[in-house]
Amino acid sequence: MSPTSAPEAPAPVHLVVGDEGLLVERAVVRAIAAAREADPAVEVSRLPAGELTAGVLGELVSPSLFAESRVVVVENGHDAGAEVTTLLLEYAKAPSEGVTLVVVHRGPPKGAKGRRPAGRGAAKPAKGGGAKGDALLEGLRATGATEASASALSDDQRADFVRAEVRQAGGKITGEALGLLMDAVGSDLRELAAAASQLSSDAGGNVDADAVRRFHRGRAEVTGFAVADRAMTGDRAGALEALRWALDTGVPHVVVADAIADGVRTAARVTAAGRGDPYSLASSLRMPPWKVKRGQQNGRGWSGEGLTRAMGVVADLNANVKGAAADPSYALEYAVEAVVAARGNARR
């Protein structure tokens with residue numbers, strides 16, 4: 001844009017679909033930033049759909065007598081009542097000049113069939129949701145609203161997210177460092193984004209495994225994945241030491257058990273797929289390449305019989321740490337010993 005040209009008009013209607021908090025916030029911020037680029041004095045209003053009345057919404061999206069620019073963010077659009085839904089859809093067909101409407105809706109994402117299953121412990125749909133919520137979502141899509149996805153990410157998408165965060169901070173990250181960082185931090189995007197930015201700064205842009213270990217000193221080494229890796233490679237003493245360290249620092253028993261089970265299952269799946277480049281196998285196995293590489297490393301020295309025995313061990317462990325065993329700490333120690341033994345017997 002040249003210094004004399006007018007700023008491009010922002011899209012009049014935005015639809016943010018998903019419930020991943022960080023992605024929702026970033027999509028809303030982008031929409032507001034576009035409106036502010038056109039008019040730095042733009043006024044921003046944020047209201048939850050469930051508390052919104054047709055009268056208040058009508059006033060907010062009506063053309064201003066004083067030509068004031070506005071951004072109206074409707075949060076939790078799936079909770080909108082019938083009257084508000086109707087008004088939003090009618091407005092989206094003929095938006096007012098100078099008003100940017102942003103509707104945040106939990107989904108489902110575009111192309112998904114049916115609604116997300118509720119599942120045990122899932123929140124019940126709020127009043128005004130369900131079919132009405134779907135009507136608003138599909139209706140806004142039909143009007144051509146600018147849509148941004150904010151759905152929860154899969155493992156490989158989170159890996160891509162971390163790489164992008166590091167690149168945006170001016171750095172690059174190795175595959176080993178990426179795997180270690182995701183193991184240490186977990187799946188929370190806010191923590192991953194913060195860690196990626198800080199690591200890029202601390203490491204001068206080149207984020208390797210040593211940089212991650214320094215940054216998360218004590219944390220990366222005590223995750224359940226560290227226990228699993230050492231048990232899978234036959235390092236009995238190292239696995240037991242990591243286990244005691246993890247439990248002493250408050251890592252929940254069930255988290256360690258899940259990591260050990262994931263290590264065994266990943267090695268079994270990757271080993272069954274045969275040898276190959278991690279990037280080539282990642283697609284067929286539906287795993288991120290770093291996880292395939294870890295499965296290949298942990299699967300060395302194992303036979304099919306040994307992995308089958310280990311699968312039985314982790315199946316029992318899941319029940320033991322959830323109440324079947326009187327002492328979950330002992331159950332974990334026993335499982336580590338049994339996994340190491342399964343690998344050792346397989347080599348004889």
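Modeller: Leucine 15 has valine 103 as its bridge partner in S4, and in S5 its bridge partner is glutamate 147. The model is a predicted one, in which local features need pLDDT of at least 70 and side-chain atom pairs count only at pLDDT 80 or more, while totals for chains, interfaces and linings use all residues. Residues are numbered from 1 along each chain as its sequence is written, and side-chain values use heavy atoms, with hydrogens and water left out.

Strands here are DSSP runs of type E with at least two residues, helices are runs of H or I with at least four, and both are numbered from the N terminus. Two strands count as paired if DSSP finds at least two bridges between them. By that rule S1 pairs with S4 in the parallel sense over five bridges, and S1 pairs with S5, also in the parallel sense, over four bridges.

Five of the five residues of S1 are buried, so this strand is largely enclosed by the rest of the structure; buried means under 20% relative accessible area, with exposed over 50% and partly exposed in between, for a 1.4 Å probe and protein chains only. Val13, Leu15 and Val17 point one way from S1, whereas His14 and Val16 point the other way, and all are buried.

Stepping back to the whole sheet, five strands form an open sheet in the order S2-S3-S4-S1-S5, with parallel pairing. Its edge strands are S2 (43–48) and S5 (146–149), each of which pairs on one side only, and the twist averages 15° from one strand to the next.

Helix H1 (residues 21–38) lies across S1 (13–17), S2, S3, S4 and S5, and runs at about 175° to S4. Helix H2 (residues 54–61) lies across S2, S3 and S4, running at about 150° to S3.

Note on methods:
Axes are lines fitted to C-alpha atoms, for helices over the stretch in contact, and angles run from 0 to 180 degrees between N-to-C directions. Contact means heavy atoms within 4.5 Å.
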